[in-house]
Amino acid sequence: MSDAFDNFLPGGKANVETTVLGADEIILNMGPQHPSTHGVLRVKLRLDGEKVVGSECVIGYLHRGVEKIAEHRSYQQFAPYVDRMDYVAAVSNGLGYCEAVEKLMGVEAPPRARVIRTILTELQRIASHLFWLGTHALDIGALTPLFYCLREREEILKIFEKYCGARLTTHAFRIGGLQYEAYDELEKDTERFCRGFDKRVDEYEALLTENRIWVGRTKGIGILNAADAIAMGVTGPVLRASGVQWDIRKAMPYAAYDQYEFSIPTGKNGDTYDRYLVRLEEMRQSRKICLQAIENIPSGPILGKVGKVLKPPPGEVYHAIEAPKGELGYYIVSDGTTQPYRVRIRPPSLVNLEALDQMIRGHLVADVVAVIGTLDIVLGEVDR
Amino acid sequence: MTDSEEKQPTRPPQADKPGETPAAPSGAAPEKPQAGGEEKPAAPAPPAPAKPATPAAPAASGAVPPKPPAPGAPAAAKPAGPPPPPKEPPLKPAPLENDLVKRYKARFGGAILEAWLDRKQAILVTTPDRLLEIAQYTRDEEKFDYLVDLTAVDWPKREKRFDLVLILYSFPKNERLRIKVLLADGEPVSSVESVWPTANWLEREIYDMFGIVFEGHSNLKRLLLPEEWQGYPLRKDYDILQQDEDWIRENLGIESGQ
Amino acid sequence: MDLHALLPFLFPVLFALVIVAVLPLIAGYIVLVERKVMADMQVRLGPMRVGPHGLLQPIADAVKLLLKEDIIPESADKLVFWGAPLISVTAAMLALAALPIGPFFQIADLNIGMLFILGISSLGIFGIVLGGWASNSHYSLMGALRSAAQLVSYETSAGMAIVGALLLAGTLSTRGIVQAQADDGVWFIFAAPVGFFIYLVASIAETNRAPFDMPEAESELVAGYMTEYSGFRWALYFLAEYTNMVVVASIAATLFLGGWMRPFANTRVFNVLDYFPLLLMLWIAGYCWRRTPKQPVFVQKVFMAAVGVLCLILAAVITLPVIAPQGSLLAAAKPGIHGAFWFLFKVGAYIYVFMWLRFTFPRYRFDQLMRLGWQFLVPLSIANVMGIAIGLTLHRQLGWPAVPALLLGIALTLGAAWYLISVGEKHEPAIVGEEGEGAADA
């Protein structure tokens, strides 16, 4: 164990730097079992009294070897595995994977499938952000928003259950389109949800946005400026809150996003408060997209021309989507057989987590929890 | 909630979905939906030595016909197709020669082995010796400031068995680029962490899974697996079934039922 | 033994026994009420299973805690470990001695009542520090020290706020304070609203409630000084915490909310408010009877109906003195019974506000908490004392009418508050690290 600490700093032995009071630094372990680390994440903090001087993340507790498994499964067989990575937003994972394989195969999902995919993915984005908001507020001490957010999320999960039978790991899409036709009430349910949702977001804002304590706990905490964000490869709401207005849905549209009008919220300072505002606004924008989409779902087939056996021609492809957590990318190499040769999943949470060290330097231990929460990581995705 | 003042990527008029074609950054050609169209006529003509779009596609795919792409002529004889039917080329890696590739070749000469266009995505294949320079050039001159992903693929039957793949994106140009580095087993390669700090964990993961050593990395140790793990799981010769049987035999003393 | 000599001690001992016997039960039910209120604010139901609507939950919890294994860390200081919760509980309960639950229901009417309460409450801090020390755990000790630092910081401002109200009352005796409010015809919350606000905030911090519960929150990696305590010892700490809540609520009710007086006690027009307790009890009884048929099990139906009947009996007990003819024995009991009701009602309302705030606000970080205590509340409470003093001098010495004098005092205090807030915002650092040593452990 001591070897681990010895190698804590780059270049070998732990240099105990002198601190403000001339005392030793202490190393505090936020162990894998911790109420606030959103999964099995271990963070070793180097502290000067209460201030964080450095940190190191130890991950891999949830590593399941998904990329290795992919090489032994056929393309369709692998699709359910993908849901289990970011298990909070399973539909997005499925969308990315199916679209990547479709690109590899050279087929396109029919328009109806694309629109329904968009609707479900945006609902999933709202659900993921709701879950994030509830747990983040809980970490900071606000006990009530969690239950309100979960109440809304429950509506979305009911829609998913009616659509594909599962709430969490949905496996909603198939390569080439959809397997299940949209059920009769899908438009009505979505519309009813969206109609009431704006007021709910106003409720959350009323509870938190102007709250002095909330602002005090989140403003100026975990600042990441734009240049650092790009250098660290951070994506998603974290990048947008740092001031970079970039969203894959606008930059390289996929599914049916180019048909709809929505804006991309950006922040100014790149602190926790801005990330909170950005995600709230994203929920509103997702609602807008859903409302536009359900007005006009084209009719037609839901599955493109793919055979039962998928044998993409040899080659490789990289396809990325804007998952709720950031840029989720799939790099798939095919050798012409029914099983992929290599599937690489680019997890947004892993790359975002890398920025944690930089963001918590100089803050207090109590802020570490807030910053981990604001990065919105899911360990299933970090470790795969 | 203001829009950003800085870093507003100048977005070219919306390319359609697979918009990652490295269109001429000289900004000349308007992005047309069928960006592949520009490449198609280009494809057969320039790579004089190469037969167009061959499934003997070397670095890009490495399907059954092995033989790695020794710089120069790709091996297999191919029915030298006249202008291939419009449907096919997007699905087969096609050699690529556009301004971007020309600039790289002009600057790095022999280090750039090949350039491919596969599924409308540009791939540059290089040798590892000048990787750091190429990386710096790519970030500074070509403005690919965002390292999207860094990964590796194992082709055990090739002499240079690993493909180190860097997927890059440029905010100002809204383009993607893939750089592949061919590595042999045991050959160290320089780390690009100093160019893109993202590479820190990504390279650790590659070291963890493949055993590729990165020189100049600040903290090269295993990322996902425990530190005392033996073996590199994502290599093709790492058999998970075998691993399971070994473990059961050692620790439980019985034969695995699988 | 001269029984006559013992007589003066009879009632106090009786009252003390009643309080000590009943208090744990009351504390348990306050916990249940908190869980129900929490659930209500969080769109849930709360405990519903144990007993109809969860009414037997506290008893089940008490039984569980009593039956738990008593674990003591091996390297803990046994005596101190055993004694620390006792100190907390004793201090909390002792403080109840001087509080007037009604005009007749008080254990001891000390002429220094308020001072006594303040002093005894401060003793409770010992229980926390010793508990953390005795656990022989680094983190427990740190949590305990933090808790103690927080309590000490907010004692200052709480004390100053109390001083403000004492200036208005002119006496330290708790009964005297309520009497002063009756004589002046105004609750002191209207004469010193800023003082009440300061006391409200300080009392939340005194009892370690959210938003000031950082020492207890799990995100601080430990549960503070209570980490190593389990079973009955933990129950004692818990009891001490809730008794403290009752104590601070009682102090607030006594000092600021008119103690046992009915709202508008001196105005005959509002005598109709005397029927308010009756209506309240009837409403509760009616609700119980409405829910009786919906209970799943027969025993629970009987229980609910019995609760309803109990409420009716209470209603009768409360109302009879009101409607009894003047001069009869029943009518003489009215001040006592109604006084007790109104006092408990105010205490209950104050505790409800505590709970309300707990579930609405996030938590303060520890350094923000300390900054708030020392840089805002202490200066403000001193300004409050000065403001009230100025107002009273103008009124009593210089003959100004009461209302303008006190309003001037309040205005001065609010001016000080505004100044403090604006200065505080200017100095609020963006990143704590820039403050340097301020971020070190308290």
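Predicted model: local features only at pLDDT ≥ 70, side-chain atom pairs only at ≥ 80, totals over all residues.
Residues are numbered from 1 along each chain as its sequence is written, while chains are lettered from A and ligands numbered from 1 in the order in which they are written. Local features need pLDDT of at least 70 and side-chain atom pairs count only at pLDDT 80 or more, whereas totals for chains, interfaces and linings use all residues; side-chain values use heavy atoms, with hydrogens and water left out.

**View 1. Chain A meets chain B.** Here 67 residues from chain A and 63 residues from chain B are in contact (heavy atoms within 4.5 Å). Together the two chains bury about 5,500 Å², with carbon and sulfur atoms giving 56%; buried area is the accessible area (1.4 Å probe) that two parts lose on being put together, summed over both. On the chain A side, A:Lys68, A:Glu316 and A:Tyr341 lose the most area to chain B, together 12% of what that side buries.

View 2. Have a look at B:Arg176 and A:Glu327, a salt bridge whose closest N and O atoms are 3.1 Å apart. Strand 6 of chain A gives the most to the side of chain A that touches chain B, with five residues. Helices (H or I, at least four residues) and strands (E, at least two) are DSSP runs, numbered from the N terminus.

**View 3. Chain A meets chain C.** This contact takes 33 residues from chain A and 30 residues from chain C, and the buried area is about 2,800 Å², 62% of it from carbon and sulfur atoms. A:Glu50, A:Leu143 and A:Ile213 supply 20% of the area that chain A buries against chain C, more than any other three residues. The rule finds one salt bridge here: C:Arg365 with A:Asp367, the closest N and O atoms being 2.9 Å apart. Seven residue pairs are in polar contact across the interface. Helix 8 of chain A gives the most to this side of chain A, with five residues.

**View 4. A three-stranded sheet in chain A.** The open sheet has the order 6-7-8, with antiparallel pairing (two strands pair if DSSP finds at least two bridges between them). Strand 6 (315–323) and strand 8 (342–346) of chain A each have a single partner strand, so one side of each is left without a neighbour in the sheet. Five bridges join strand 7 (residues 326–334) of chain A to strand 8 of chain A, and A:Ile332 has A:Val343 as its bridge partner.

**View 5. A mixed sheet in chain B.** Six strands form this open sheet, in the order 1-2-3-6-5-4. Strand 2 (residues 112–118) and strand 3 (residues 121–126) of chain B run antiparallel and share six bridges, with B:Leu117 opposite B:Ala122. Helix 3 (residues 131–140) of chain B packs on the sheet, its direction making about 175 degrees with that of strand 6 of chain B. Axes are lines fitted to C-alpha atoms, for helices over the stretch in contact, and angles run from 0 to 180 degrees between N-to-C directions.

Terms used: Salt bridge = Lys/Arg side-chain N within 4 Å of Asp/Glu carboxyl O. Polar contact = N/O pair within 3.5 Å; in protein donor to acceptor, adjacent residues only side chain to side chain.
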